[in-house]
Amino acid sequence: MERVVVVISAPRRRLTPPWYGAEARRALAVGLAAAGVALVSGWPYWQEHRISAAVTLTSSAAIAIEGVLLATGGRTRPTGRLFVLAAFAWALNWLASWDAGPGPLLSPYMQAQFYLALGAGVLLYPGGRLECLADRIWLIAACMILWVCPTALWVFSEPEWAAFRGRTVWWPALYPDMEVFRVVLKASAALYLLLALSFVVVLLLRLPRMGRLKRALTLPVTGALTFVGISAALSQRPIMEASVTLDDLLRVYALQGAVVILVPLTLLASGVRIRVAELTVAGRMLRLTAPVTVERVRGALRDVLHDPTLELWFWAPVEGVYVDTDGRPVAVDDSGGDHAEAWGNPAGGDAGRWRRKVLTAAGDPLAIVELGGSLRDHGSLVEAALVAGGRALETARLQATVHANLEQVRSAYERLVRAEAVERERLARDLHDGAQQRLLALGAMLATLEAVSGEAAVKEHTRTCRRELMAALAELRSLAREVQPALLVQDGLGPALEVVAERIGTRIRLDVEPRRYSREIESTLYAVLCEALSYAVDRARATSVSVRVRPDGRELVVEVSDDGGSPGDPAAELAGLSGRIRALRGHVHVDGDPDRGTTVRMVLPCE
């Protein structure tokens, strides 16, 4: 088996996942640093609350570790950096426990920075960008609320009112006023709750616009942060009162820290889920592609990558072009770039699409896969699926090449049918405008000769010549009608078939919608229907024939039913119909029985 190589336009830092090696050691070091900062910041409180210390130090370290690991990825780097910032902000939030110096003043800002960084990181996850306008509006509102409310806290209060009673506390207290301070506390509590609820709404609005894989990855984190945000807002309300004790304040911080640990845990679970999907993709590809067909390979990739819009084009080396699953040539840019454009292909040119070029081990083109843009965030899973399906892609490429050869034959046959229709029309026109006009002129000359001749023998001979000439002219007109009826060209299929039905004489019921089709479709249908009617009358000895021609969406459905009984095999005797219909990319089904007659069903595209 040739090894399949996936060509990626942007250079990658590694082929191994970022959960191993130097990144893991760096993440552990940063996590221990965050835990150390939290330990020093809250040391006065931890001496008597060791369980709270363990929970807080664990949550700070977990968020920092998760942030460093996320920062190793290209698209998750912004989320990772914000998570590291959030971890250290949460650690510094515990400076309030010292009840001295700048710690109490910095603590509300660190708490605000923690929730702001955490919320922004989740909004950027996993694509590395804000998805919609609602995300940006929430982020601006969060910055204003989470920074203005702590500022208003120390502007209108004394440190004792905000739970800090140390003698060396830095607290400006520019305009201390107990009534204003109470209003600030109530307004802050309401704004925090409103901010948490609006964050939930923003997260829910993002889900429908995500792909299945991205939604599966984001949904657990969305649920966890929703719970964290609402819990934080509700747990903050009891301490938004004047003269609250420091112990009560720190107890709420500890409770919030215990809840926050859900965020790194759900992120870890999502990462493990993607990793498990990468490890099991090989087995799934083998199961879904057995036995290997072009359609099965494409369907397997769609199922494994959860992308129903995935398209697959194979390289046909003999033809020197890419072909789709039906073998039809498709002009695509095989430069391998992420933003490769396409021409002559309706699926191309979509800015939200993403293409991956697949090569054999020898460096020869194998296939191009076009995926939804959301799968850019899961490049390792896409690569694993393509590598696992390498042998299936090779086999499917051979089938696609065969389809391409058949498509060339079919296209050549279609061109012949169209050329035949044009030639029939030209021949009928030449017969009408050329031979028939000459014979009519010759008949007029014989009539003149008969009129001016005085000899009886000459008159009789001339009269005989005119009769033979008129008989020949009648046969020529009949031949012209068979080649290309004038009614078919002028009025369409229905009127032309009515003349055929009258000439046959058998009771024929026509149900033909008065609609015009392309020249080759009308000419081909007229020919095959005449053949089918001739078979029904001459071979099957039918006394009643029904012809139905109706469009069905983008297809034209034609049925010919009779009550006769053919002594032979109807499908074999009507085999000539199939070639003409297949030339127009249609198909024919013949159902014949001596007791219940024969039904011929033809379906071909009409657009």
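How many aromatic pairs does the structure hold? Take me through a pair in detail, then turn to the helix packing.

Reply: The structure holds 10 aromatic pairs. Bear in mind that this is a predicted model. A pair of aromatic rings is described by two things, the distance of the centres and the angle of the planes.

Start with Tyr109 and Trp147. Their ring centres lie 5.4 Å apart. The planes meet at 35°, so this pair is tilted; stacked would need planes under 30 degrees apart. The two residues come from distant parts of the chain, 38 residues apart. Tyr109 sits in helix H5, and Trp147 sits in helix H6, which spans residues 133–155. Their surroundings can be read from accessibility. Tyr109 has 13% relative accessibility and therefore counts as buried, because the cut-off for buried is under 20%. Trp147 has 36% and counts as partly exposed.

Now a second pair, Phe164 and Trp171. The centres of these rings are 5.7 Å apart. With planes at 45°, this pair is tilted too. Here both partners are buried: Phe164 has a relative accessible area of 2%, and Trp171 has 10%. Elsewhere, Tyr45, Trp46 and Trp94 form one aromatic cluster.

Back to H5, the helix that holds Tyr109. H5 covers residues 103–123 and packs with H7, residues 178–206. Their axes are 11 Å apart, at an angle of about 10°. That angle makes H5 roughly parallel to H7, because the limit for this label is under 35 degrees. The crossing of the two helices is left-handed.

Which residues meet there? H5 brings Gly119, Val122 and Leu123. H7 brings Phe199, Val202, Leu203 and Arg206. By class, the contact divides into five nonpolar residues, one polar and one charged.

Last, the setting. The protein chain has 19 helices and 11 strands. Of its 607 residues, 47% are buried. Among contacts with a separation of 6 or more, 67% link residues 24 or more positions apart. The Tyr109–Trp147 pair, at 38 residues apart, is also a link between distant parts of the chain.

Methods: Residues are numbered from 1 along each chain as its sequence is written. This is a predicted model: local features need pLDDT of at least 70, side-chain atom pairs count only at pLDDT 80 or more; totals for chains, interfaces and linings use all residues. Side-chain values use heavy atoms; hydrogens and water are left out. Axes are lines fitted to C-alpha atoms, for helices over the stretch in contact, and angles run from 0 to 180 degrees between N-to-C directions. Helices (H or I, at least four residues) and strands (E, at least two) are DSSP runs, numbered from the N terminus. Angles under 35 degrees count as roughly parallel, over 145 as roughly antiparallel, 65 to 115 as roughly perpendicular and the rest as oblique. A crossing is left-handed if the near helix is turned anticlockwise from the far one by less than a right angle, and right-handed if clockwise. Contact means heavy atoms within 4.5 Å. Ala, Val, Leu, Ile, Met, Phe, Trp, Tyr, Cys and Pro count as nonpolar, Asp, Glu, Lys and Arg as charged, and the others, Gly among them, as polar. Rings of Phe, Tyr and Trp (its six-membered ring) pair if their centres lie within 6.5 Å; planes under 30 degrees apart count as stacked, over 60 as edge-to-face and the rest as tilted. Buried means under 20% relative accessible area, exposed over 50%, partly exposed in between (1.4 Å probe, protein chains only).
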